[in-house]
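The sequence and the structure come before the text.

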Amino acid sequence: YLEIYNYDPEQTHIQPKEVSQLNQAAIQMLQNGNAPNSVSYLNQSLMLDRKSSQTYFILGVVYEAMREYPKAESNFNKAIDLHSEYTEAWYGLAKSNFDQKKYEEAFYYVNKCLLLNSNYKPATQLKDQLEPLIQD
C-alpha cells in the first residue's frame, strides 16, 4: 500500500535510490528476525539522507520490535517532525505506548492517527482494545 501525496516543493522529499534500497534490506532483515543488522542498515540510510521520514519510521518499528521503546518513540517523533501527517508514525507511537501499558498516551496517539485517516484499520482495532482500559 503506497500513499500518494500532492507535490509541494516546500514539503515534498524524494529520497535517493540508495536509501530506498537500504530501507528495503532493513525491512527484510527485520522480517527474518535480525533486528540489530536492520538498525545498522537504517543508520547507513540516515547517513545518506537525514530527511527521510520513512527511514525514521522504519527505525521506530525496529526498535519497537526490540522493545527499546524510548528509541522507538524518538524515531516515530522524528518521522512526524518531518511529515506531520504520517499516519503510520502516529500509530507507531500509539502502539509503543500500548505495549508499555501507557493506555492514556496510547489513546491520545491513536486518536491523532485516526484524525488523519479514520479508516486506518490497525488504529481502529487498537482504539477498540484501548476503550475499555481508559478511566473516565
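## Helix H1 and its end

Glycine 33 follows H1 and has a positive phi, near 85°. The model is predicted: local features need pLDDT of at least 70, side-chain atom pairs count only at pLDDT 80 or more, and totals for chains, interfaces and linings use all residues. Residues are numbered from 1 along each chain as its sequence is written, and side-chain values use heavy atoms, with hydrogens and water left out.

Helices are DSSP runs (H or I, at least four residues), numbered from the N terminus. H1 covers residues 17-31, which is 15 residues, and spans 21 Å from its first C-alpha to its last, close to the 21 Å expected at 1.5 Å a residue. The expected span is 1.5 Å times one less than the number of residues.

Which residues of H1 are buried? They are Val19, Leu22, Asn23, Ala25, Ala26 and Met29. These residues lie on the same side of H1 because they cover an arc of only 160° around the axis; the arc is taken from the directions from the helix axis to the C-beta atoms. An α-helix has 3.6 residues a turn, so residues three or four places apart point the same way.

Buried means under 20% relative accessible area, exposed over 50%, and partly exposed in between (1.4 Å probe, protein chains only). Lys17 and Gln31, on the other side of H1, are exposed. The buried residues of H1 pack against helix H2 (35-48) and helix H3 (53-65), where contact means heavy atoms within 4.5 Å.

## Asparagine 97

Helix H5 (residues 87-99) contains asparagine 97. Asparagine 97 counts as buried, because its relative accessibility is 3%. Apart from neighbours within four places in sequence, its contacts are Glu73, Lys102, Glu105, Ala106 and Tyr109.

## Aromatic pairs

Rings of Phe, Tyr and Trp (its six-membered ring) pair if their centres lie within 6.5 Å; planes under 30 degrees apart are stacked, over 60 edge-to-face, and the rest tilted. The count by this rule is 6 aromatic pairs. One of them joins tyrosine 91 and tyrosine 120, edge-to-face at 5.7 Å centre to centre with 75° between the planes. Tyrosine 91 lies in helix H5 and tyrosine 120 in the loop between helix H6 (103-116) and helix H7 (121-130), so the pair ties together parts 29 residues apart in sequence.

Tyrosine 91 is buried, with a relative accessible area of 17%, and tyrosine 120 counts as buried at 17% relative accessibility. Phe57, Phe76 and Tyr86 form one aromatic cluster.

Notes:
Helices (H or I, at least four residues) and strands (E, at least two) are DSSP runs, numbered from the N terminus.
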